[in-house]
Amino acid sequence: MLSDGIRLDYSDIAKAAAKVEGGARVMVENVKRATDESLAFAQNFIAKYPPKSSGKRMVFQSEKQRRWFFWALRTGEIEVPYRRTGTLGKSWTTDVRATSDSIRGVLGNVRPYAPYVQDEELQAQMHKGHWPTVQMLLRAPAARMSQFFNQAMERTKEWLANASR
């Protein structure tokens, strides 16, 4: 899946915060809060299930696929009609980690099949155009996630202005 994500640089505000007692702590708290808010927003976006499919009839691509399908049906590996469990949506996780010079928020999914459902490069044909992908998350709601950080920097600047009076 995607590894780069969204990177923001507020080093100018960090330098100003470092000059005021307690400023660095306030900035870290604000950035952590913005990271938590962004990850919650992203998790909510990516974990939503699309509407149920129209129940299109399955067309087998090969004899091997047809044999596997009927074997899986007979042994209970699959059910027809498919019953949604919500497991993929519930398996999105978030993690926030702070180091001395950065704060990193990570959104991930522990299900091994997640890339075949929600990654544009690996998405199975049957899911294309139906399931949201992590790349969609970075294109569409990224502006909203950036707002969380801009608000955090405004809170930090406001605190710095009040602290230096």
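Guide: Pro-50 lies in the loop between α2 (23-47) and α3; helices (H or I, at least four residues) and strands (E, at least two) are DSSP runs, numbered from the N terminus. This is a predicted model, in which local features need pLDDT of at least 70, side-chain atom pairs count only at pLDDT 80 or more, and totals for chains, interfaces and linings use all residues. Residues are numbered from 1 along each chain as its sequence is written, and side-chain values use heavy atoms, with hydrogens and water left out.

Visitor: Is Pro-50 buried or exposed?
Guide: Pro-50 counts as buried because its relative accessibility is 7%. Buried means under 20% relative accessible area, exposed over 50%, and partly exposed in between (1.4 Å probe, protein chains only).

Visitor: And what does Pro-50 touch?
Guide: Leaving aside residues up to four places away in sequence, Pro-50 touches Arg-84, His-130 and Trp-131; contact means heavy atoms within 4.5 Å. The C-alpha atoms of Pro-50 and Trp-131 are separated by 5.9 Å, although these residues are 81 residues apart along the chain.

Visitor: Now Thr-156. Where is that one?
Guide: Thr-156 is in helix α7 (residues 142-163). Thr-156 counts as buried because its relative accessibility is 0%.

Visitor: Which residues does Thr-156 touch?
Guide: Apart from residues up to four places away in sequence, Thr-156 touches Ile-13, Val-26, Met-27 and Asn-30.

Visitor: Switching to strands: how do β1 and β2 run?
Guide: Strand β1 (residues 92-98) and strand β2 (residues 103-109) run antiparallel and are joined by seven bridges. Two strands pair if DSSP finds at least two bridges between them. A hairpin of four residues connects β1 to β2.

Visitor: Which residue in β2 is the bridge partner of Asp-95?
Guide: The partner of Asp-95 is Val-106.

Visitor: Last topic: how many residues line the largest pocket?
Guide: The lining has 33 residues, and Ser-53, Met-58, Tyr-82, Met-126 and His-127 lie nearest the centre of the pocket. On a 1 Å grid over the protein atoms alone, a pocket is an open set of points where a 1.4 Å probe fits, with protein on both sides within 12 Å along at least five of seven lines; lining residues have an atom within 4 Å of a point.

Visitor: Which element gives the most to that lining?
Guide: α3 gives the most, with three residues.
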